[in-house]
Amino acid sequence: MGREQTLAGRLLAEHLVAGRLEPGTEIGLRADQTLTQDATGTLVMQELEALGLDRARTELSVQYVDHNLLQADEKNAEDHAYLRSACRRFGLWFSKAGNGVSHPTHMERFGAPGKSLAGSDSHTCAAGALGMLAVGVGGLEVALAIAGEPLYLRMPEIWGVRLSGELPPWVSAKDVVLEMLRRHGVSGGRHRIIEYHGPGLACLSAMDRHVIANMGAELGATATVFPADEAIRAFLRAEGREHDFRDLRAGRDASYDIEDEIDLSTVEPLVAKPSSPGNVVPVREVSGTPVGQVVIGSSANPGFRDFAVAAATVRGRQTADSVSFDVNPTSRQILVELARSGHLTDLVAAGARVHQAGCLGCIGMGQAPAPGTNSLRTFPRNFPGRSGTSDDSVWLCSPETAAVSALTGVLTDPRDYATVHHLAHPRVSGPARSAADPRVFTAPLPEDEAMREELVKGPNVAGLPDFEPLPDEIEGPVLLKAGDDVSTDEISPAGARALPYRSNIPKLAEFTFTRLDEDYPKRAADSPEHFVVAGENYGQGSSREHAAITARYLGLRVVLARSFARIHWQNLVNFGVLPLEFADPEDGEKIRRDDVLCVSGLHRLAETAEFVVRNQTRDEEYRARHQLSPRQVDVLLAGGRIPQLARALR
Ligand code: MIC
């Protein structure tokens, strides 16, 4: 079969432990590696405790501290201490604050072609750049993978994107993935693996591929894969890890479920306008827009090249005085390399503010732009309010566009700047031998020592709530009526106010849905069993399972939507919230906030996928269906995955 000859098909087949590779059905995969970051990891570690795990059963599991680095009070530092102690206790690698953003850091130090990776961060798919099968999922999925359980997914279709031609000057990898978003939008990749192939790959380095693979998350894709070819061998050689290289490509008879092509020579500088990564237009269409902040860095432009190209562009010049030009190095290693090569000096001399290696403004931890200011970032997402400023205006672009716009103070197509200033597109390449120093990572303790480790838990680490089994009937008001593409940021916000409570569900719950309705938590207190009604692609964006847990904690029992984003859909099920899809998508329009809905016969979830939802306020009925696998039905009936496992063990 042609699908099995694709690289994605090969990787899936190599890791398959349950199910068959038929799109739409549930499959179970072996996870060789796991990745967690602090903002999702504190729950993962609490889940490992709840599962009673003795020691990680994966080949390799790494906990990064990259998201929540502010230490304005004791809470974040306490979380970091808890994470470190949990790594010591459960046999995980620990990457401390300042080592860098998980995705590029993992690629530099641990990623290996042919391995599978489950990560509690939606951008885990970035590792597909190395020819890995890398999937972003909710924290509990990762906890279970660490415990040796299969990673369950809906088998995706395989979408081949043939790259031909060569990128023109001043156009780079970010523009390629923005072109994908321009064509297909934020749900174009849902239940698909995007596999890039073709002669155009020759002009994309391993880190360029990371840029494209990373933002597969913005397309809603299950994963992105690139072949492991000579570019990957060269990358691993520079990291001192050529022994991890394995040549991996699609077979000659590969055929894809969906086919697409990008002629790289036709791609131009693009920008995603506020406030969705899918709002993509050519930079020239919006050039001249004033810009007050420019930030480079994040997992969506993490490579040495991305900073070096910006440095070479601003070198010997001054950034506009109206612009805050922020440089967020992505890893300690790249920071060292930028310092050694002199690029850091050029950036600082041109007016840059240099921050520590980490996610920072990308998750809204600092760097909130002044109200009314356009902020231009090389980041992956610009959901409303994510920057920390409630009415923000964040644009996403390449480092080239960011650097020239920092100089001019207005959105500028780098080709236009180059023509006026006779500037050639800087051709930079990383050091032949990277500055990798493995000693910055802490290896797992030997088993006997690990067993004696105590977990260090401050009061902010609050434990997991208990949820009761699914009742046969759910009756309650619609507390929230939302449109299409509701992001997990809108369900459980990012940013410096909420993030310190990522290990504290009762406290974090106070922020639930407040971006959409400030009174939601208060109204939920009066309606301990309620519904949310939404449009397409509900729960897009982050993998944070907090968005499902806090809502369930406040009494959300059913989400009725036109469709769901993959990760959040699984998170809802894992924590006992029933996701139902309208049979007639127009029915959602008939429902108003505060209408009382009722759905019964839920104990027959296994026998029937279709239910009648009664609107008692309007005396109407709607048909709705679930797309749950028999395994997920079992999870929901038990009230969630943890109670289900506890029941299975009894
Ligand atoms: C994101 O980009 O949204 C994040 C921050 O990386 C999240 C993780 C989180 O919410 O902690 C993600 O993508 O999963």
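Reader: Which helices each supply at least two residues of the lining of the largest pocket?

Author: Helix 8 (206-214), helix 9 (230-238), helix 11 (304-314) and helix 12 (332-341) do. Helices here are DSSP runs of H or I with at least four residues, strands are runs of E with at least two, and both are numbered from the N terminus. This is a predicted model, where local features need pLDDT of at least 70 and side-chain atom pairs count only at pLDDT 80 or more, while totals for chains, interfaces and linings use all residues. Residues are numbered from 1 along each chain as its sequence is written, and side-chain values use heavy atoms, with hydrogens and water left out.

Reader: Nice. Which helix gives the largest share of that lining?

Author: Helix 9, with 4 residues. The largest pocket has 32 lining residues, and Ser205, Arg305, Val428, Ser429 and Gly430 are the closest to its centre.

Reader: What volume does the largest pocket have, and how do you define a pocket?

Author: The volume is about 720 Å³. On a 1 Å grid over the protein atoms alone, a pocket is an open set of points with protein on both sides within 12 Å along at least five of seven lines; a cavity is a set where a 1.4 Å probe fits but cannot get out, and lining residues have an atom within 4 Å of a point. Points are joined across faces, edges and corners, and the volume is the space filled by probe spheres set on them.

Reader: And how many cavities of 30 Å³ or more turn up?

Author: The search of the whole structure finds 6. The largest cavity holds about 210 Å³ of space, and among its 21 lining residues His67, Asp121, His123, Ile363 and Arg386 are the closest to its centre.

Reader: Switching topic: what is the strand order in the open sheet?

Author: The order is 1-2-8 over 3 strands, with antiparallel pairing; two strands pair if DSSP finds at least two bridges between them. Strand 1 (16-18) and strand 8 (151-154) are the edge strands, each pairing on one side only.

Reader: How many bridges join strand 2 to strand 8?

Author: There are 4, with strand 2 covering residues 26-29. Gly28 stands opposite Tyr152 in strand 8.

Reader: Which helix packs on the sheet?

Author: Helix 2 (residues 7-15), touching strand 1 and strand 2; contact means heavy atoms within 4.5 Å. The direction of helix 2 makes about 55° with that of strand 1, using axes fitted to C-alpha atoms, for helices over the stretch in contact, and angles from 0 to 180 degrees between N-to-C directions.
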